[in-house]
Amino acid sequence: MEELLSAEDPEPSDRSPAGPLYVPVRPGPRGCAARLFRTPLGDRTAVGFTSERRLTTTLGAGQAWIRLAEPALRALAAPLGAVTVTIDPLFTAPPPGPAGPAPAVLEAALTAPAQRVGREKSRR
C-alpha cells in the first residue's frame with residue numbers, strides 16, 4: 001500500500017496522537033515517576049491519554065498526571081523495559097490494596113488439624 005505524503009492529508013497515515021499526552025504518574029524519591037502498566041499478555045507498557053477526561057474516567061479523579069509528548073514518554077519508559085506505549089486504554093485493573101485480615105474460611109483452614117489426603121492401604 002502506498003503511503004500518502006501530502007501535507008494537506010486530512011487523515012495522516014501515522015496514527016500517533018498529535019500533541020502532548022496526559023501521562024499518569026506516582027510519587028517517587030525525586031519528584032514524580034511515570035506509572036507503567038502491564039498489557040493483558042503481561043508485557044510492560046507506558047500509558048498516555050489524549051485528554052484529562054479520558055485519564056480520570058479510566059484511573060479516577062485522584063490520579064496525578066503530567067503532560068509529555070509521545071516520543072518523550074517512549075524515551076522515558078524504554079530503559080525500564082516498556083517498549084510499547086498504550087494510548088487511551090479503556091480499563092485497568094484496580095491497584096492492589098493493603099492486605100486485610102484473612103477470610104474466616106481461610107483462618108479456619110489454617111488452624112484446623114492437618115488431614116491426610118489420599119487413600120490409606122487397608123490392612124487385612
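How much space lies in the second largest pocket? About 210 Å³. This is a predicted model, where local features need pLDDT of at least 70, side-chain atom pairs count only at pLDDT 80 or more, and totals for chains, interfaces and linings use all residues. Residues are numbered from 1 along each chain as its sequence is written, and side-chain values use heavy atoms, leaving out hydrogens and water.

**View 1. Lining of the second largest pocket.** A pocket is an open set of points on a 1 Å grid over the protein atoms alone, where a 1.4 Å probe fits, with protein on both sides within 12 Å along at least five of seven lines; lining residues have an atom within 4 Å of a point. The lining includes Arg-26, Cys-32, Ala-33, Ala-34, Arg-44 and Ile-66. Two or more residues come from each of β2 (31-34) and α2 (70-77). β2 gives the most, 3 residues. By class, 9 lining residues are nonpolar, none polar and 3 charged.

**View 2. The aromatic pair of Tyr-22 and Trp-65.** The count is 1 aromatic pair (ring centres within 6.5 Å). The ring centres lie 4.8 Å apart with planes at 65°, so the pair is edge-to-face (over 60 degrees). Tyr-22 sits in strand β1 (residues 21-28) and Trp-65 in strand β5 (residues 65-68), 43 residues apart.

**View 3. Surroundings of Tyr-22.** Tyr-22 is buried (under 20% relative accessible area), at 14%.

Terms used:
Points joined across faces, edges and corners; volume = space filled by probe spheres on them. Helix = DSSP H or I, 4+ residues; strand = E, 2+ residues; numbered from the N terminus. Nonpolar A, V, L, I, M, F, W, Y, C, P; charged D, E, K, R; others polar. Phe/Tyr/Trp six-rings, centres within 6.5 Å; stacked < 30°, edge-to-face > 60°. Buried < 20%, exposed > 50% of the residue type's maximum accessible area, 1.4 Å probe, protein only. Lys NZ or Arg CZ within 6 Å of the ring centre and 35° of its normal.
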